[in-house]
Amino acid sequence: MSTTRSNIRWGLNKGRPTTVIAKTVKPSHKKGIKTEKKTFVKSIIREVAGFSPYEKRVMELLRNSKDKKAKKLTKKRLGTLLRSKRKIEELSSVIQEQRRQAGH
């Protein structure tokens, strides 16, 4: 389909020919994008503040291979299954990293 209009009232290219104005990028369109600065700040906060009590409990459940119980707990705390899955993935990677460092 062509983007230029032909000044005809019907058909694929109907409508008055106009110049297309480019959309400006709003700051709100950049929400949620991971940048170097954001990841650095998050890592510093995690290092200083540590894990919340429910996160510690979930990590303990994951270590004892009670994945279903961990999923149910995180879903209850975070509200949605997608957030729960992301949190469990994050905590699982933390556990793996701890095991790696304990091995060395």
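1. The buried residues of helix H3 are Ala70, Leu73 and Thr74. They cover an arc of only 95° around the axis, which puts them on the same side of H3. On the other side of this helix, Lys68, Lys72 and Lys76 are exposed. The structure is a predicted model, and every remark below should be read with that in mind.

2. The buried residues of H3 pack against helix H2 (53–63) and H4. H3 itself runs over residues 67–78, and its 12 residues reach 16 Å from the first C-alpha to the last, close to the 16 Å expected at 1.5 Å a residue. Glycine 79 follows H3 and has a positive phi, near 105°.

3. Helix H1 is a contrasting case. The count of buried residues among its 14 residues is 0, and H1 is hardly covered. Its end C-alpha atoms are 20 Å apart, which agrees with the 20 Å that 14 residues should span at 1.5 Å a residue. Just after H1, glycine 50 takes a positive phi of about 80°.

4. On the surface there is a nonpolar patch formed by Phe40, Val41, Ile44, Ile45 and Val48, with about 490 Å² of accessible area together. One of these residues, isoleucine 45, lies in H1, which covers residues 36–49. Isoleucine 45 counts as exposed because its relative accessibility is 51%, and the cut-off for exposed is over 50%.

5. Lysine 87 is found in helix H4, residues 81–103. Is this lysine buried or exposed? At 14% relative accessibility, lysine 87 counts as buried, the limit being under 20%. Leaving aside neighbours within four places in sequence, lysine 87 is in contact with Arg46, Tyr54, Glu55, Thr74 and Leu78. For orientation, lysine 87 and phenylalanine 40 are 47 residues apart in sequence and 18 Å apart in space, C-alpha to C-alpha.

6. Side chains of opposite charge can pair when their charged atoms come close. A search of the whole structure finds 6 salt bridges. Which residues are linked in a network of salt bridges? They are Arg46, Glu55, Lys87 and Glu90.

7. Glutamate 55 counts as buried, at 5% relative accessibility, whereas arginine 46 counts as partly exposed, at 26%.

8. Arginine 46 also forms a salt bridge with glutamate 90, the closest N and O atoms being 2.9 Å apart. Arginine 46 lies in helix H1 and glutamate 90 in helix H4, so the pair ties together parts that are 44 residues apart in sequence. Glutamate 90 is partly exposed, with a relative accessible area of 32%.

9. A further salt bridge joins glutamate 60 and arginine 63, with the closest N and O atoms 3.5 Å apart. Because the two are 3 residues apart in helix H2, about one helical turn separates glutamate 60 from arginine 63. Glutamate 60 is partly exposed, with a relative accessible area of 39%, and arginine 63 is partly exposed at 35%.

Conventions
Residues numbered from 1 in each chain as written. Predicted model: local features only at pLDDT ≥ 70, side-chain atom pairs only at ≥ 80, totals over all residues. Heavy atoms only, no water. Helix = DSSP H or I, 4+ residues; strand = E, 2+ residues; numbered from the N terminus. Buried < 20%, exposed > 50% of the residue type's maximum accessible area, 1.4 Å probe, protein only. Contact = heavy atoms within 4.5 Å. Patch = residues over 30% accessible without salt bridge, like charges linked within 9 Å, V, L, I, M, F, W, Y side chains within 5 Å. Areas by Shrake-Rupley, 256 points an atom, 1.4 Å probe, with all protein chains shown as cover. Salt bridge = Lys/Arg side-chain N within 4 Å of Asp/Glu carboxyl O. Expected span 1.5 Å × (residues − 1). Arc of directions from axis to C-beta.
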